[in-house]
Amino acid sequence: MQTSSLNAAGLNSALRLIRAIVRALPMCALLTHGSATLAQAYPSKPVRILSGQPPGGATDYFARMVAQKLNEIWKQPVIIEHRPGASGSIAVELTVKSPPDGHTLVFVTAGQIVINPHLLKLNFDPIVDLAPVAFLVHTSMLLVTHPSVPAKSARELIALAKAQPDKLNVGSGGNGVPTHLAAELFMSLTGTRMTHIPFKGAGPSVLALMTGDIDLAFGSLPATQGPARAGRVRALGISTAKRSQAWPDLPTLAESGVPGFEMTSWYAFFGPSALPKDTVTRIHADIGRIAAQPEFQERLSSEGAEHEAMTLERFAQFIRTESARWAKVIRERNIRAQ
């Protein structure tokens, strides 16, 4: 009798469990459908892309190229919002503090992610507080001199600088910006000493070079190739590891007497660190498809830029490597912010 009672109790318990599972099935299906719907619904409202640079420069140009195409894909407005200041860190901090739903992204230059943390006192850590979303492009830099400088190649410039320590003036867009770091890396690798003259932006630096107020500078290929081709400045070499399609006859600095020299400016998209993985994957894939279009790549090439299709894992590792690299240069060269 006791055994029969136990068997009946076990049967009743099993029946209750089955009924509970059956009742829960519609809810599980609803939740699954709801999750899928939420994933498919992104973006559900306008997306803003913050920029730490003012309108009109390369950052603005590249960001608008992508935003225009995302408008078409997402069927939602994609708005570029400029928040310059603090070497681009204001835009980054606003992104860090924004809701992690993918509707606020930031389009950055290399300096905002891998240089500023080693020069400025920030309220955030870009590597920890941001999620890498999509790498877009590298742009080359040119080493350019005023035509009056008696050096027709990088090797001749190195010899001149060694013969006259501290006499040559090298300009940049400001203390700690990529063009300054390029000059410091050049001096470090060549054992030369030149006097650094910082300006408030890349434009004034290039202008000072054209007027002869400084002797040489590093400048982005888009900003300097026009004056160089017009003969207003002299291009001695390009900063990338390989020659640029935009100027294939110009040698790299690495093949011109500065082994190991490699420097690019790069541009990429980030979001808040808590962005859901499926949202990051969606944005990454959509931007990747845009950047792979031949017409898009032709426009980049005309500006001396080159897209690199990085996986998210490769992108994250690239950021860590770049940060460590420039931290070393900043420390060894005793570079200070403006």
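A: With a relative accessibility of 3%, Phe-135 counts as buried, where buried means under 20% relative accessible area, exposed means over 50% and partly exposed lies in between, with a 1.4 Å probe and protein chains only. The model is a predicted one, in which local features need pLDDT of at least 70 and side-chain atom pairs count only at pLDDT 80 or more, while totals for chains, interfaces and linings use all residues. Residues are numbered from 1 along each chain as its sequence is written, and side-chain values use heavy atoms, with hydrogens and water left out.

The structure holds 13 aromatic pairs, a term for rings of Phe, Tyr and Trp (its six-membered ring) whose centres lie within 6.5 Å, with planes under 30 degrees apart counted as stacked, over 60 as edge-to-face and the rest as tilted. One of these pairs joins Phe-135 to Trp-266, and it is tilted, at 5.9 Å centre to centre with 35° between the planes. This pair links distant parts of the chain, since Phe-135 belongs to strand E4 (residues 130–139) and Trp-266 to strand E10 (residues 265–272), 131 residues apart; helices (H or I, at least four residues) and strands (E, at least two) are DSSP runs, numbered from the N terminus. Both Phe-135 and Trp-266 are buried.

Phe-135 also pairs with Phe-315, and because the ring centres are 5.8 Å apart and the planes stand at 85°, this pair is edge-to-face. Here too distant parts of the chain are linked, with Phe-135 in strand E4 and Phe-315 in helix H12 (residues 312–332), 180 residues apart. Phe-315 is itself buried, with a relative accessible area of 0%.
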